[in-house]
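Please examine the sequence and the structure shown below before reading on.

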Amino acid sequence: MTEIRRPRLLGVFAHPDDETFCAGGTLAHYTERGAEAMVVSATRGQAGQIRDAAQATRRTLAQVREQELRAACAVLGVEHVECLDFTDGTLEGQEEPLRAEVLELLERFRPDVVITFGDDGAYGHPDHVAISRVTTDGFLDAVTRLDLTSARLYHSHFPRSRLLMGERLSTWLVEMNARFKGTGDFAQALSLFAHESTTMGYANDFVDVSWFPPRFTIVEQGEPASCLYLILSGEVDVVQEHEDGTLHQLRRLASGEFFGELGVAYGTMRSASVIAVGAVTCLVLSPSAPTPFAGRGSDARFTGLPVDTARSSVGATATTAIDVSCQVNRKVAAIAAHRTQFPIEPDMFPASMLQEMFGTEHFVRVHPPSEPERGLLPEALGFPEGG
């Protein structure tokens, strides 16, 4: 009896962790349904950050990141994992040998679906752009040379989201029965997570880390509310001014506590001032980048708030949207497996926010060209559209 060949997905990326952010939910979605998956990273990410020094040093980072890639792929159900021997940051100048490696992979694995970065590299990273170009060219060559005429090529796509993490976190904080105070690990994790999420387009906040000198009024009573602050270090006093000019201290907040936009729409008025006790550093989430001419106080004409908060529609140029809402927990666990880059715990953040951010993954079908669709694997292989 002839054994039925399982459908195969191949992801070709530049660095460990690319696979999870680009297609982690989709890989989990299809491997759960019996597909065979392979992920290839052109480098071991040796030029990356070391955000948890307990996990690696510069000397050991390449080895550790390869181990993290294998751990993340195990979470996603990916059976085959390979790291090529190219150096992080050099792919733009290594396209010919890299293309030969990609052709060898295609001949050996003979995938039904290939996934890589779009030609913009998600946010312009030269290695991402190079791996996209090489994989795309190699695939189109292999279609005829290796008789992969039925195979499909997809570029991962990151439409700019309407979601604001600041709003979702504010709602989450208000829904708690007790005032939230996060640990130092939480503050670090949220900072890294927010920056990565906005860089990749999963959220549309402007994220910054700001330092305020002693006695600086960070938030002024009566001015429009526009930002959510997480104290990374230092303390602040929350002070209310009465009509007769007297001041009343409501509370003192310290590292790990939030203040600012708490559960109400951006643009409402502040009910108290927040003043730095000593030097204070905060993670700041805003709906848009600050303007250099923003005024302070309730009478300020230019507040720095966005005039038009409309944002691009999700999936505006994608051909394919995969519902991975049932795989979000696995995607977040795979992100957490890349510990040197993202020292987070999967349950640190509101589940509803993660669902909204990661519940759909978008792709552009490059070959063969198509109308919009709801699945990657064709019906002929037993995978109905959307399944």
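## The second largest pocket

The second largest pocket of this predicted model holds about 420 Å³ of space. A pocket here is an open set of points, on a 1 Å grid over the protein atoms alone, where a 1.4 Å probe fits, with protein on both sides within 12 Å along at least five of seven lines; grid points are joined across faces, edges and corners, and the volume is the space filled by probe spheres set on the points. Of the 23 residues that line this pocket, Asp17, Arg51, Tyr123, Glu196 and Gln341 are the closest to its centre. A lining residue has an atom within 4 Å of a point.

Helix 1 (18–32) and helix 7 (184–200) each supply at least two residues of the lining, and helix 7 gives the most, with six residues. Helices (H or I, at least four residues) and strands (E, at least two) are DSSP runs, numbered from the N terminus. By class, the lining has eight nonpolar, nine polar and six charged residues. Ala, Val, Leu, Ile, Met, Phe, Trp, Tyr, Cys and Pro count as nonpolar, Asp, Glu, Lys and Arg as charged, and the others, Gly among them, as polar.

## Basis and confidence of the model

Residues are numbered from 1 along each chain as its sequence is written. The model is predicted, so that local features need pLDDT of at least 70, side-chain atom pairs count only at pLDDT 80 or more, and totals for chains, interfaces and linings use all residues, while side-chain values use heavy atoms, with hydrogens and water left out.

The chain has a mean pLDDT (the predictor's confidence in each residue, from 0 to 100) of 88, and 88% of its residues reach 70 or more. Over residues 263–267 the pLDDT is below 50, and this stretch has 16 contacts (heavy atoms within 4.5 Å) beyond near neighbours in sequence.

An open sheet of seven strands has the order 3-2-1-4-5-15-14, with mixed pairing. Two strands pair if DSSP finds at least two bridges between them. Strand 3 (80–86) and strand 14 (320–323) are at the edges with a single partner strand each, so one side of each has no neighbour in the sheet. From one strand to the next, the twist averages 25°; angles run from 0 to 180 degrees between N-to-C directions, and axes are lines fitted to C-alpha atoms, for helices over the stretch in contact.

Strand 1 (residues 8–13) pairs with strand 2 (residues 36–43) in the parallel sense over six bridges, and valine 12 has valine 40 of strand 2 as its bridge partner. Strand 5 and strand 15 are antiparallel, with five bridges; here histidine 157 has histidine 362 as its partner. Four bridges join strand 14 to strand 15, also antiparallel, and alanine 321 stands opposite histidine 362.

A second open sheet, of four strands, has the order 6-13-8-11 and antiparallel pairing. Strand 6 (206–212) and strand 11 (258–260) are its edge strands, each pairing on one side only. Strand 6 and strand 13 (residues 280–286) pair over seven bridges, with phenylalanine 206 as partner of serine 286. Helix 7 packs on this sheet, touching strand 6, strand 8, strand 11 and strand 13, and its direction makes about 135° with that of strand 6.

## Two backbone details

A cis peptide bond, with omega of about -15°, joins histidine 367 and proline 368. Arginine 110 has a positive phi of about 45° although it is not a glycine.
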